[in-house]
Amino acid sequence: MKVLVPDDLGMRMLGSSPPVVPVRYTAGSPWPEEHLDAEAVVVDFTEAEATGHRLGDLPQLRLVQTLHAGYEQWRPFVPEGVMLSNGRGAHGGSTAEWVVAVLLNIYRELPMFARQQDAGVWRQQDTDTLIGKRVVVLGAGDLGTNLAARLAPFDTDVTLVGRTARPGVVALSDVATLLPEADAVVSMLPDDPSTRHTVDRDFLARMRDGAVLVNAGRGPAVDTDALLVELRSGRLRAALDVTDPEPLPPGHPLWSAPGLLVTPHVAGSTAGAAERGWKVALAQLLAFAETGVPPNRV
């Protein structure tokens, strides 16, 4: 099965895995003319429009495989009858690690101690802790389950929230009942019309005073204007790895909002991230070659 791949790492990692035959392409450039019979294309997080518009030029294309869990930007370009599969499972652990890191940063007040270090001040004081915190996680897929596993050693009480109720998962339609008792709410939602502004003014108003909102999913799940109102009042704190708009432009109010930690969409950007993405992609391609359906089909 001939597979078009966008980088040299992909060529190396797929090169010894028959029946997969990798062929290098360059994002934004025409497909290699002698390989227009490719049955699958692996795509990265970027270049969706430039590459997506050319998917229709591959007459035997049957699968578009992403290297990340996010796939929304590719969906408009996938031709009729072609499957789309994502990289679910590659970056859930590192994203969950980022959430734990920012929660510890907030509760243990590490920025304050860093400022005291810069000033040469030794001042002992108590801080808050993750121990015993009630954390509501919006999203019960790979990201959410990875986060629940990483929070468990901190003796937290984690509630997973999904689109529909099932054992161990509360329905998103019932999340309002959880918010008044939650110490932290973590959004790990994808970006689609059904999730836009899930965390809106009413949602935030139901959160208890002093609670923390974390967004490690997609920016549009949170109403930025509504969040700014709560941050400026000092009632809530937040940590955002994704924003709306994104990238966050210079001078945007979020940059200077009190009680907010912002990182530039780097939760999954860690050592070994690319290799993990390609391992998942390879597993999907091999399953597709064998059964005709990749496990991560979306």
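Biologist: Why is Gly219 called buried?

Modeller: Gly219 has a relative accessibility of 5%. Buried means under 20% relative accessible area, exposed means over 50%, and partly exposed is in between (1.4 Å probe, protein chains only). At 5%, Gly219 therefore counts as buried. This is a predicted model, in which local features need pLDDT of at least 70 and side-chain atom pairs count only at pLDDT 80 or more, while totals for chains, interfaces and linings use all residues. Residues are numbered from 1 along each chain as its sequence is written, and side-chain values use heavy atoms, with hydrogens and water left out.

Biologist: Where does Gly219 sit, and what does Gly219 contact?

Modeller: Gly219 is in the loop between β10 (212-215) and α7 (224-233). Those elements are DSSP runs numbered from the N terminus: helices are H or I with at least four residues, and strands are E with at least two. Contact means heavy atoms within 4.5 Å. Apart from neighbours within four places in sequence, Gly219 is in contact with Val242, Thr243 and Asp244. Pro258 is 39 residues from Gly219 along the chain, and their C-alpha atoms are separated by 19 Å.

Biologist: Why is Gln65 called buried?

Modeller: Its relative accessible area is 0%, which is under the limit, so Gln65 is buried. Gln65 lies in strand β4. Leaving aside neighbours within four places in sequence, its contacts include Val41, Val42, Val43, Ser85 and Asn86, and also Ala281 and Gln284. Asn86 is 21 residues from Gln65 in sequence, and the C-alpha distance between them is 5.8 Å.

Biologist: Pro32 and Glu72 are in loops. Why are they called buried?

Modeller: Pro32 has a relative accessible area of 17%, and Glu72 has 18%. Both are under the limit, so both count as buried. Pro32 lies between β2 (21-24) and β3 (40-43) and, outside four places in sequence, is in contact with Leu4, Val23, Arg24 and Tyr25. Leu4 and Pro32 are 28 residues apart in sequence and 9.1 Å apart in space, C-alpha to C-alpha. Glu72 is in the loop between β4 (63-66) and β5 (83-85). Its contacts, not counting residues up to four places away, are Pro190, Asp191 and Arg218.

Biologist: What fraction of the whole chain is buried?

Modeller: Buried residues make up 49% of the 298 residues. Among contacts between residues at least 6 apart in sequence, 58% join residues at least 24 apart.

Biologist: How many helices and strands are there, and what makes the chain compact?

Modeller: The protein chain has eight helices and 12 strands. Its radius of gyration is 21 Å, close to the 19 Å from the globule rule for 298 residues, so the chain is as compact as a globular protein of that length. That radius is taken over C-alpha atoms, and the rule is 2.2 Å times the number of residues to the power 0.38. The C-alpha trace spans about 65 × 45 × 35 Å along its principal axes.
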